[in-house]
Amino acid sequence: MIWQLDFCVLTLIVICAFATIMVKDLLSAAIIFGAYSFLMCLLWTEMGAVDVAFTEASVGAGVSTVLFFAAVYQTTRRVGVRKSGRMLSKAFALVAALLTGLVLVIAEADFPGFGDIFTPASLHVSPYYITQTLHDTNVPNMVTSVLADYRGFDTMFETAVIFTAGLAVIAILRRFKKEDRCDLPEPYVISAGYPDTIIRFVARQLVPFIQLFALYVVAHGHHSPGGGFQGGVILGASFILLAISYDFKVVLGIMSERWNVLLGNIGVLIYAGIGFLCLLLGANFLDYSMLSKILPATDKIMARSHGMLGIEIGVAIAVMAIVISIYLNIVSHGKYDKGL
Amino acid sequence: MDSFFIGIGVALCFLILLTLHRAIQGPTAIDRIMGVNVIGTKTTILLVIIGSIYHRVDMFVDIALAYALLNFIVTIAASRYFHHRKNLTSSGYGFKFRSEEDK
Amino acid sequence: MTIAVIMLTLAGLIFFFATTVGILRFPDFFSRMHAAGKGDTLSSLLMLLPLALYNFHEFDLANMLVALKVLLIAVFIFMASPTATHAILDAGYEAGIKPWTKKPEEESP
C-alpha cells in the first residue's frame, strides 16, 4: 500500500468517472470509460490484488470497451433529451442516490478498520488458506486454489452464467430472415473502409504470439497471476483483433456460429464432467483427490493440482467461445453479414 | 531507491492528469482516442514501477504485457469505427441515405 | 548500476513530459499525433530498459527471465504502438479533418 500513488490514482479515477457522465457524445463516453477501466486495474494492482487486476484489464479495459464501440456503431451517438419532466427525473435520481449513499455510510460505521487483523475473516478463514494451500494442493497461487478447488462450485456456476449470457445475446439479437422490419434503408457510405496493409501485416504477425501468451496464462495460473478466465478472454480478444483488421467473414470462417455455441457447451461440460468423474470414483462432487485413482503416478495432493488444471482449461474454452460469439452478434446486429 | 521510484510514479500520475485534460476536452472524438492510447502506455510503465517498489517484478510483468496488448486492440477497434461512420462529433449521421442522393 | 538506472529513468521521464506538453499545446490533430506516437514509444522504451536492469543485483536464472520478460514488453510496444498511431491517423484522415495552416498575413499599408 503506497499511499502517495493511491491518492493520485484515486483522484484520476474520480475525474474520469465525472467526465464519462458529463460528456454528451456516447462514443467519447465509451472511450473515457475505457480509460477509467485502465486506471481501476492500476488501483487493484497497487493494493496487491493481482488476479483481480488481470481480470479487470482483460475483461473491463479490453473486451468490454470493444463491445461498447460495437454497440455504438449499430445505434446512435447522441444522448436523447426528454422534452418534459427533466427536472422531476433529475430530482428523483438525486434523492435516490443520496438515500443509497446515506444507507451505505451508516452501514460502514460498523465495519472493522481497513486491514484490521482481529476480524473473524482474518482470524479463522485466511490463516487456514495461507498455511494449508501448499500442503493440501501443491499450488502456490492461493487465489487460484481458492477459486478452483476450495470454492469450485461457485466457479462452475460462474462459467454457466457466462454461457447463459452468450445464449441471451443470441436469443435477443440473432435474425435469420433476409428482409426484416428492423432494417434501415441501405445507407450510402462515402468510402467503405479500405483494407489497410500495415494493420493487416502487424495483426497477422501478432495473433499467434497473443494466442501463445493466452495459453501460457491459462497453464501458468498455478504459479503466477492468471487462470482460466483471463486466458480465455485474451484468446477471444485475439480473434476480435483478426475480425477488426481483416474482414468479418474471416473469423466467421474459422469460428462459425455452430462451433462457438458447441465450444461454449464443451467448456461447461468439461468442468461439470470432471466433477461428475469424481462422483463416479466414489467421492463428493468436485473432490479432485479421487482422480489419483485414474491418473497414473499421482498421489492425492498432485491429483488436486491436475484437477484444477483440467477445469481451468474448460473455463478458458467456454469463455473464448462466448466472447467471440457475443462480439460477432453485437457488431453485425444479428445478421452475420458485415461488421466493424 | 524505493522513494525514487515512488517519486517517478507520482510524476507519471501527474502527466496522466495532463493527458486526461486532452482526453476530456479534445474537440473531436479522435483526440480522445489518442489520449486514452497514451494513458494506456503510461499505465503499463506504472505497473512495472509498482512491481519494482514491491520487489516482486515477476508477478506484475504478466499483467503489464496483457495491458499493452489490450491497449493496442482497443485503439485499433476505436479507429475502425471511423471508417464506416464519418462524423467527428455527435451531430448528424455519419453517412448519407441513398434517397437524398437521388434528389 | 544504480547510477545508470537513475539516469535512464530520468531521461524517460523528461521525454514523457515533452510528449505531454506536445499533446496539450500543438494546434492541430495531426501534429498532436506526431508528439503522441513518437514520443510515447521512445519514452516507454527508455523507461522499460532501466526497470529490466534493476533486477540484476544477483545473477541467477530467475532474474534473467524476469528481465527478458520486461524487454519482451518493450519489443511488443515497439511493434504495436506505431501501428496504433497509424490506425488513428488513418481514421482522422478518413473522417475528413483538415490540416492546420498558418493564416496568410495581411498586407501592411
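These legends walk you through close-up views of one predicted model. Residues are counted from 1 along each chain as its sequence is written, with chains lettered from A in the order in which they are written. Because this is a prediction, local features need pLDDT of at least 70 and side-chain atom pairs pLDDT 80 or more, while totals for chains, interfaces and linings use all residues.

**View 1. Chain A and its elements.** Chain A holds 12 helices and 1 strand (DSSP runs numbered from the N terminus: H or I of at least four residues for helices, E of at least two for strands). Starting at the N terminus, the order is α-α-α-α-α-α-α-β-α-α-α-α-α. Its C-alpha atoms fill a box of roughly 65 × 55 × 35 Å along the principal axes.

**View 2. Inside chain A.** Of the 340 residues here, 40% are buried, meaning that 20 or more other C-beta atoms, placed from the backbone, lie within 10 Å of the residue's own.

**View 3. Where chain A meets chain B.** Chain A brings 57 residues to this contact and chain B brings 48 (two residues are in contact if their C-beta atoms, placed from the backbone, lie within 7 Å). On the chain A side, elements giving two or more residues include α1 (3-22), β1 (187-188) and α9 (228-245). The top contributor on that side is α2(A), with 12 residues.

**View 4. Where chain B meets chain C.** Here 37 residues of chain B touch 38 of chain C. On the chain B side, α1 (2-25), α2 (29-53) and α3 (57-84) each supply two or more residues.

Notes
Buried ≥ 20, exposed ≤ 12 C-beta atoms within 10 Å, placed from the backbone.
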